Amino acid sequence: MDIPPPLSKLALHLVNHDDKDKKYVVLVATGSFNPPTYMHLRMLELARDALSSEGFCVIGGYMSPVNDAYYKRGLISAEHRVQLCRLACQSSEFIMVDPWEARQSSFQRTLTILSRVKGSLSEAGLIPSESLKCMLVCGSDLLHSFGIPGIWIAEQGNIRIVDELVPNQISSTRIRHCISRGLSIKYVTADEVIDYIRQHQLYLNSNDM
């Protein structure tokens, strides 16, 4: 199923097709987002700041939830997670949700997801392909897996590590635990996300954590 990535928040006014030296970046965060938290959004903000300080022009960011073929205990449906991500990033000026991965019937490699986003934007004539980079944004848990043989391509010279000056321990797992115990999750994710979780009675079964 071919679903083009949304374009509504791309800063296309910053793109200069005549400047061949300018480098544009689109950020992509993949993951379960089960549920999305403020830290997922914060990662993208940190990445934008870090790359901007290096001279890159970050024109947008995408959250790409995994599909239902990625079996993980406690993983709710992709349909719910896509909607939760949309609600989570409503207040962001540059973060959007790309539902393509979530709507596929089989597991998709990260490189496939990044290449597809770049191809879609380039083929539409929005950004010159040679000037555009699609960069993966991830947390430390996924970063640690880069050292496991056979999972990622060995050449990893493009990795940038960004420190969070205001660290915290917010995680999807901890949010699910709080929900299953009837505890408040206010101020760890968007109110719209909390309302949706309550409306659909998600994460109530502590056995699915």
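Visitor: By about how many helical turns are Arg48 and Glu45 separated in helix α1?
Guide: This is a predicted model: local features need pLDDT of at least 70, side-chain atom pairs count only at pLDDT 80 or more, and totals for chains, interfaces and linings use all residues. Residues are numbered from 1 along each chain as its sequence is written, and side-chain values use heavy atoms, with hydrogens and water left out. Helices (H or I, at least four residues) and strands (E, at least two) are DSSP runs, numbered from the N terminus. Arg48 and Glu45 are three residues apart in α1, so their separation is about one helical turn.

Visitor: In what do the side chains of Arg48 and Glu45 meet?
Guide: Side chains of opposite charge can pair when their charged atoms come close. The term to know needs a side-chain nitrogen of Lys or Arg within 4 Å of a carboxyl oxygen of Asp or Glu. For Arg48 and Glu45, the N to O distance is 3.3 Å, so by that definition they meet in a salt bridge.

Visitor: Is Arg48 buried or exposed?
Guide: Buried means under 20% relative accessible area, exposed over 50%, and partly exposed in between (1.4 Å probe, protein chains only). Glu45, at 24%, is therefore partly exposed. Arg48 has a relative accessibility of 17%, so Arg48 counts as buried.

Visitor: How many residues apart are Arg81 and Asp68?
Guide: The side chains of Arg81 and Asp68 also meet in a salt bridge, at 3.4 Å from N to O. This pair links distant parts of the chain, with Arg81 in helix α2, Asp68 in the loop between β2 and α2, and a separation of 13 residues.

Visitor: Which residues do salt bridges that share partners join into one network?
Guide: The structure holds five salt bridges. One of them brings together the side chains of Asp191 and Lys186, 3.1 Å from N to O; Asp191 is partly exposed at 37%, and Lys186 is partly exposed at 39%. The network formed through shared partners joins Glu45, Arg48 and Glu93.

Visitor: How far apart in space are Leu46 and Glu164, C-alpha to C-alpha?
Guide: Leu46 lies in helix α1 and is buried, with a relative accessible area of 14%. Leaving aside neighbours within four places in sequence, Leu46 is in contact (heavy atoms within 4.5 Å) with Val162, Asp163 and Glu164. Although Leu46 and Glu164 are 118 residues apart in sequence, their C-alpha atoms are separated by 7.4 Å.

Visitor: Which residues of strand β1 are buried on one side and on the other?
Guide: Strand β1 covers residues 24–31, and eight of its eight residues are buried. In a regular strand the side chains alternate between the two faces of the sheet. Both faces of β1 are covered: one side has Tyr24, Val26, Val28 and Thr30, and the other has Val25, Leu27, Ala29 and Gly31.

Visitor: What is the bridge partner of Leu27 in β2?
Guide: Two strands pair if DSSP finds at least two bridges between them. β1 and β2 (residues 57–65) run parallel and are joined by eight bridges. Within β2, the partner of Leu27 is Gly61.

Visitor: What is the bridge partner of Val25 in β4?
Guide: β1 also pairs with strand β4 (residues 132–136), in the parallel sense and over five bridges. In β4, Val25 has as its bridge partner Lys133.

Visitor: Within what arc do the buried residues of α6 fall, seen down its axis?
Guide: In helix α6 (residues 191–199), the buried residues are Val193, Ile194, Tyr196 and Ile197. The arc is taken from the directions from the helix axis to the C-beta atoms. Seen down the axis, these buried residues line one face of the helix, because they fall within an arc of 165°.

Visitor: Which exposed residues does the face of α6 turned away from its buried side carry?
Guide: The buried residues of α6 are covered by elements including α2 (78–88) and α5 (172–180). The face turned away from that buried side carries Arg198 and Gln199.
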